[in-house]
Amino acid sequence: MNDGPIYTKLLADRARRGGGFLLLIDPDRVPPSSYLPLSEAAAECGVDAILVGTSFMLDRNFASAVQEIKHATRVPVTIFPGSYAQITPAADAILFTSLISGRNPSYLIDEQVKGAPIVKRCNLEAIPTGYMLVESGPLTSVQFISGTLPIPRGKSDIACAHALAAQYLGMKLVYLEAGSGAETPVSLEMVEAVSSYVDIPVIVGGGLRTPEDCAARVRAGASFVVVGSGFECEPEPNLMREFAAAIHAKETVTV
Ligand code: 1GP
């Protein structure tokens with residue numbers, strides 16, 4: 001499968017800037033009145049892509065949320081779905097994830113089989129992604145909903161083996177996920193171990209609360225970091241700019 005335009009753009013952003021900044025908007029938690037200011041701030045601050053996704057979809061207007069965000073910004077919008085029911089043509093691409101750290105067939109393959117024909121019909125760029133949950137303190141929503149055990153946070157060898165399996169299966173990204181609002185983000189040691197063990201880019205997310213949290217993960221080898229909860233209530237462009245500067249380490253040095 002050839003690389004699509006969004007994946008290619010993300011790799012180019014990452015190469016140019018040192019690390020890529022992915023902003024997660026969860027329509028169950030972000031009020032619709034914030035879509036526009038958040039999306040505008042994302043463009044202004046140099047966010048590399050906006051991810052839209054949620055574990056529950058309590059908000060039934062997921063497709064309209066994606067559409068509104070897409071209309072409000074030139075930043076690429078990528079669905080990061082909690083279920084195949086969140087696939088909509090309004091986005092540019094989809095992280096086509098398989099929860100490879102778990103042993104629940106629903107999230108390993110069943111959701112994907114149901115979703116694949118919809119992705120094709122919607123003409124979305126699918127970016128195959130090995131999604132791995134990492135222990136991060138109290139049970140997170142994604143652990144509870146998926147009914148899967150996370151990888152123990154001190155067991156980088158287990159994370160490395162899963163990530164390499166993802167690479168050999170042809171996946172283009174590996175996502176180390178501590179869970180939204182995680183008490184403890186994925187450790188630097190695990191980020192470093194996985195990033196140096198595989199050839200595919202590594203995304204790290206969950207519980208990254210400060211620009212320095214993100215910068216440290218990029219220094220440890222992460223290609224992309226995801227921040228969601230930090231911007232749920234207020235877009236706060238100044239804070240978003242600080243995150244961007246920390247993540248886009250190369251660009252900051254050359255400015
Ligand atoms: C969750 O990794 C993302 O999928 C973002 O986590 O909300 O904790 O930033 P936060």
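Biologist: At what angle do helix 8 and helix 9 pack, and how far apart are their axes?

Modeller: Please note that this is a predicted model. Two packed helices are described by the angle between their axes and the distance between the axes. For helix 8 (residues 211–219) and helix 9 (residues 237–247), the axes lie 8 Å apart and the angle is about 20°.

Biologist: Why is helix 8 described as roughly parallel to helix 9?

Modeller: The angle between helix 8 and helix 9 is about 20°. Angles under 35 degrees count as roughly parallel. Helix 8 is therefore, relative to helix 9, roughly parallel.

Biologist: Which classes of residue make up the contact of helix 8 with helix 9?

Modeller: On the side of helix 8, the residues are Pro 211, Cys 214, Ala 215 and Val 218; they meet Glu 242, Phe 243, Ala 246 and Ile 247 in helix 9. By class, this contact has no polar residues, one charged residue and seven nonpolar residues.

Biologist: In what order do the eight strands close into a barrel?

Modeller: Strands of a sheet pair through backbone hydrogen bonds, either parallel or antiparallel. In this barrel the pairing is parallel, and the order of the eight strands is 1-2-3-4-5-6-7-8.

Key. Residues are numbered from 1 along each chain as its sequence is written. This is a predicted model: local features need pLDDT of at least 70, side-chain atom pairs count only at pLDDT 80 or more; totals for chains, interfaces and linings use all residues. Side-chain values use heavy atoms; hydrogens and water are left out. Two strands pair if DSSP finds at least two bridges between them. Helices (H or I, at least four residues) and strands (E, at least two) are DSSP runs, numbered from the N terminus. Axes are lines fitted to C-alpha atoms, for helices over the stretch in contact, and angles run from 0 to 180 degrees between N-to-C directions. Angles under 35 degrees count as roughly parallel, over 145 as roughly antiparallel, 65 to 115 as roughly perpendicular and the rest as oblique. Contact means heavy atoms within 4.5 Å. Ala, Val, Leu, Ile, Met, Phe, Trp, Tyr, Cys and Pro count as nonpolar, Asp, Glu, Lys and Arg as charged, and the others, Gly among them, as polar.
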